[in-house]
Amino acid sequence: MIQKKLDALAQMMDEYRAMPFPNGFRGLDVEDQDMVMLDADTAGYVYRVLDGPLPEPSRGGLIRLVGVFGKVLPAISDECASKFYTQARDVAALAAEIEAMRDK
């Protein structure tokens, strides 16, 4: 079961990384979140989940990251940026789900 989710995560991540970074979002803060760092943090956590279980402090960071998207996404009006960060949220959420499954 976890392997299927890991395969899906890898595919979703490939699709996300193939998307162009939204114009005008470099150096931009939305809801006090640096949008470049949000992208980088998402990639970092997801690639680490794909490599194996996260240590406990990182699991908490991943859960907090998923929560950040709940504040940021409603504040984005640009359609391309909304698609980009929605994909980022989706991969981060799946990574968090996989980590929760590893605990069981």
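## The nonpolar core

A nonpolar core is here a set of buried Ala, Val, Leu, Ile, Met, Phe, Trp, Tyr and Cys residues that are joined through side-chain atoms within 4.5 Å. Buried means under 20% relative accessible area. The model is predicted.

The largest nonpolar core has 31 residues, and the members that touch the most others are Leu-62, Ile-76 and Tyr-85. Helices H1, H2, H3 and H4 each supply at least two residues of this core. H4 gives the largest share, ten residues.

Tyr-85 has a relative accessible area of 0% and is therefore buried. Leaving out residues up to four places away in sequence, Tyr-85 touches Phe-21, Pro-22, Phe-25, Met-35, Val-36, Leu-38, Asp-39, Phe-69, Leu-73 and Ile-76. Ile-76, one of these contacts, is also among the core members with the most contacts to other members.

## Aromatic pairs

A pair of aromatic rings is described by the distance of the centres and the angle of the planes. With a cut-off of 6.5 Å between ring centres, the model has five aromatic pairs. Tyr-16 and Phe-84 make one of them, a tilted pair with centres 5.1 Å apart and 45° between the planes. This pair connects distant parts of the chain, since Tyr-16 is in helix H1 (residues 2–18) and Phe-84 is in helix H4 (residues 79–102), 68 residues apart.

Phe-25 and Tyr-85 form another tilted pair, at 6.1 Å centre to centre and 40° between the planes. Here too distant parts of the chain are linked: Phe-25 lies in the loop between H1 and strand E1 (29–30), Tyr-85 lies in helix H4, and they are 60 residues apart. Phe-25 is buried because its relative accessibility is 8%. Ring pairs join Phe-25, Tyr-85, Tyr-16, Phe-84 and Phe-21 into a cluster. At the face of the Tyr-16 ring lies Arg-17, 5.1 Å from the ring centre.

## Helix H3

Helix H3 (residues 56–72) has 17 residues, which should span 24 Å at 1.5 Å a residue; the end C-alpha atoms are 25 Å apart, so the two values agree.

Which residues of H3 are buried? They are Ser-58, Arg-59, Gly-60, Gly-61, Leu-62, Leu-65, Val-68, Phe-69 and Val-72. An α-helix has 3.6 residues a turn, so residues three or four places apart point the same way. The buried residues of H3 pack against E1, strand E2 (33–34), helix H2 (35–51) and H4. Phe-69 is in contact with Tyr-85, and Leu-62 is one of the core members that touch the most others.

Arg-59 is part of helix H3. Its relative accessibility is 11%, so Arg-59 counts as buried. Apart from residues up to four places away in sequence, Arg-59 touches Pro-53, Leu-54, Glu-99, Arg-102 and Asp-103.

Asp-39 belongs to helix H2. With a relative accessible area of 9%, Asp-39 is buried. Beyond its neighbours within four places in sequence, Asp-39 is in contact with Tyr-16, Arg-17, Phe-21, Phe-84 and Tyr-85. Of these contacts, Tyr-16, Phe-21, Phe-84 and Tyr-85 are members of the ring cluster, and Arg-17 is the residue over the face of Tyr-16.

How values were computed:
Residues numbered from 1 in each chain as written. Predicted model: local features only at pLDDT ≥ 70, side-chain atom pairs only at ≥ 80, totals over all residues. Heavy atoms only, no water. Phe/Tyr/Trp six-rings, centres within 6.5 Å; stacked < 30°, edge-to-face > 60°. Helix = DSSP H or I, 4+ residues; strand = E, 2+ residues; numbered from the N terminus. Buried < 20%, exposed > 50% of the residue type's maximum accessible area, 1.4 Å probe, protein only. Lys NZ or Arg CZ within 6 Å of the ring centre and 35° of its normal. Expected span 1.5 Å × (residues − 1). Contact = heavy atoms within 4.5 Å.
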